[in-house]
Amino acid sequence: PTASRIHTPKGKLPALKSFCTWKVITMSVVIALFCICALITAIVVPVIYFKQEGIESQGEVIKPPLDSREYKVIVLRNDLRVLLVSDNETEDSAAAMDVAVGSFSNPSDYEGLAHFCEHMLFYGSKKYPDEGAYNEFLTSHGGYDNAYTSTLNTNYHFKVNSDYLREGLDRFAQFFISPILTQDGVSREVNAVDAEHQKNLENDAWRLWQLLKHVSNPDYPFHMFSTGSLETLDKPGVLSELQTFYRSYYSANQMQLVIYGREDIDTLNSYAEDIFSDIENKKISRPMFQNTSFP
């Protein structure tokens, strides 16, 4: 069909363009706020109250009356806090480790280092040195893994068939006990980080996020580039900075672990103690930042 030409009175077209531009911006802001709200909801639900009473302490977990799963909160001898969830009906088990450090702690000369550290921990460990062995184990047993780096936290998690939870946990724990942080994996993982950055360049939500960072207080960590790229990471000294970053921030007393499996609570308790107690407790304090992002 023949298209009809729309005749716009003189002087009206710029106003229409302006309206469309603001409409796009408004929609982008709504989408970004929705994502932020979803993230906050995921973090704060369920609510857990820790009542520490020595090396191993019982915590009260508030749950719905119809929830048949059993919960227990413990603190290991290395001050690692653990939430155990027993569900005897589940076919898939899972675990997640949250580390209290994120992009706000990036060195100014190596922006994106926290994200790069997240990538490097998947490379291998002293106990399981073969590259890709962790991912191969999970995928061969109906599972998967992932991780993300936020401003104040870095989170690692996996899912696997319930028959293989214990071995999955043992492989997972090596991220935090004896990771291989050597030059062999640097080039590959720097390129992987850069690939994420290139993908984000075409994403409106990421572009809006970067715009907010650009107009924020330049003296506050939020202003810094957080993802990382070849420009910020592919340079001399990055391996040494990575090793220093890991030693400085990855400590058992600044980590929280969740284990979800079909085993009973006592068995999950023994898994946590046997596998994760070797994570070093460096007795460090959590990085704190005064909220001065915007004037």
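Trainee: What is the strand order of the open sheet of 6 strands, with its mixed pairing?

Mentor: This is a predicted model: local features need pLDDT of at least 70, side-chain atom pairs count only at pLDDT 80 or more, and totals for chains, interfaces and linings use all residues. Residues are numbered from 1 along each chain as its sequence is written, and side-chain values use heavy atoms, with hydrogens and water left out. Strands (E, at least two residues) and helices (H or I, at least four) are DSSP runs numbered from the N terminus, and two strands pair if DSSP finds at least two bridges between them. The pairing is mixed and the order is 3-4-8-5-7-6.

Trainee: How many bridges join strand 3 to strand 4?

Mentor: Strand 4 covers residues 81-86 and runs antiparallel to strand 3. Lys72 stands opposite Leu84 in strand 4. The number of bridges joining strand 3 to strand 4 is 6.

Trainee: Is Thr154 buried or exposed?

Mentor: Thr154 lies in strand 7 (residues 154-161). Buried means under 20% relative accessible area, exposed over 50%, partly exposed in between (1.4 Å probe, protein chains only). Thr154 has 0% relative accessibility, so Thr154 counts as buried.

Trainee: Which residue has its backbone oxygen 2.8 Å from a polar atom of the side chain of Thr154?

Mentor: Leaving aside neighbours within four places in sequence, Thr154 is in contact (heavy atoms within 4.5 Å) with residues including Met97, Val101 and Tyr250. The backbone oxygen at 2.8 Å belongs to Val101.

Technical notes:
A polar contact is a pair of N or O atoms within 3.5 Å; within protein, one must be able to donate a hydrogen and the other to accept it, and residues adjacent in sequence count only if both atoms are side-chain atoms.
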